[in-house]
Amino acid sequence: MVDNSNEGEKQPWRRLLWLKQDEYPDNYTDPGFTDYLENLKEIDFDYDYERIRSDFLKFYYLILNTCFIFITFSGMYEYDYDPKLMSLVSTLTICAFNVLKYHKVSTKQLKSSVIIVFTILTLSPVLKSLSQTTSTDSIWVISFWLTIYYLFSVFKSMTSDSKMVTIMTTTNKSKRVRNITYSKNLPTNILLANVAMLSSRLPTTTHVFCFLLICIEINIILPKLLDISKFTVSLVSNLIVYTYINISWGVSTMIIFGIFTVIFTNILPRVFWYWETHYKCKTPEILSLWDTKTPILA
């Protein structure tokens with residue numbers, strides 16, 4: 001015998017974002033919803049200025065590191081530097097840091113290095129002729145926008161890694177951490193695409209091979225071996241970049257770049273901290289407990 005005593009009773013309304021509840025209309029408002037809004041507590045965002053400034057500095061050092069792509073290209077393309085000597089210096093520098101960091105070179109590291117070298121050797125003739133039909137002006141424009149996109153993707157990757165935002169309510173001081181994931185392969189792919197575009201303007205396959213090798217060593221391998229924000233490393237990077245700007249574009253351009261550096265590393269972090277501390281809305285979003293991108297069924 002079937003018990004129909006609860007047949008006419010409604011199921012209680014639940015906070016379901018993507019699942020339709022047939023017992024309730026789409027515009028149904030739960031009586032306790034207004035109470036929920038009234039009881040929302042303000043959120044204190046705990047921002048550490050030194051941490052913010054450190055993040056700005058790390059991004060600035062990545063900008064310096066990216067400049068080495070164009071310094072290397074300019075040395076081969078405009079000033080006709082010996083690409084073999086440049087790649088030898090770069091390789092010896094990487095090897096020295098590798099030995100200092102790991103004390104010994106493993107078989108796995110040697111195998112990876114050999115694979116990278118042979119891959120570059122194979123691709124060099126292809127990349128040399130890949131964009132020959134494209135005008136040089138178009139290459140410069142594409143390279144410029146690829147560089148901007150690369151820096152944006154690196155910045156996005158950095159903020160995604162560091163965006164472990166500690167949110168503390170005014171009542172129970174409980175912490176809630178928001179983790180955002182972002183692909184780290186995207187910046188590397190954009191960097192390689194930019195290098196491939198520029199390499200088509202170099203005169204020989206030897207130049208292409210050395211250019212690719214140096215860019216991979218400085219922009220991909222070197223940041224994994226040491227902290228590019230350390231004082232000695234950053235000092236050398238600044239000296240090289242500022243010297244190149246002075247030689248290529250003059251003192252006035254170097255001064256402008258220096259002003260940009262001061263603003264980016266000292267003023268912008270303070271402005272960002274002040275804005276986030278004093279002007280960011282402290283009332284949590286209504287849908288803060290829901291993930292609006294992923295269906296939540298229960």
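Trainee: What should helix H3 span, at 1.5 Å a residue?

Mentor: Helices here are DSSP runs of H or I, at least four residues, numbered from the N terminus. The expected span is 1.5 Å times one less than the number of residues. For the 20 residues of H3 (residues 83-102) that gives 28 Å, and the end C-alpha atoms are 28 Å apart, which agrees. This is a predicted model: local features need pLDDT of at least 70 and side-chain atom pairs count only at pLDDT 80 or more, while totals for chains, interfaces and linings use all residues. Residues are numbered from 1 along each chain as its sequence is written, and side-chain values use heavy atoms, leaving out hydrogens and water.

Trainee: Which residues of H3 are buried?

Mentor: Buried means under 20% relative accessible area, exposed over 50%, partly exposed in between (1.4 Å probe, protein chains only). In H3, the buried ones are Pro83, Ser87, Ser90, Ile94 and Asn98. They fall within an arc of 70° seen down the axis of H3, so they line one face of the helix; the arc is taken from the directions from the helix axis to the C-beta atoms. An α-helix has 3.6 residues a turn, so residues three or four places apart point the same way.

Trainee: Which residues are exposed on the other side of H3?

Mentor: Leu85, Leu92 and Leu100 are exposed there.

Note on methods:
Helices (H or I, at least four residues) and strands (E, at least two) are DSSP runs, numbered from the N terminus.
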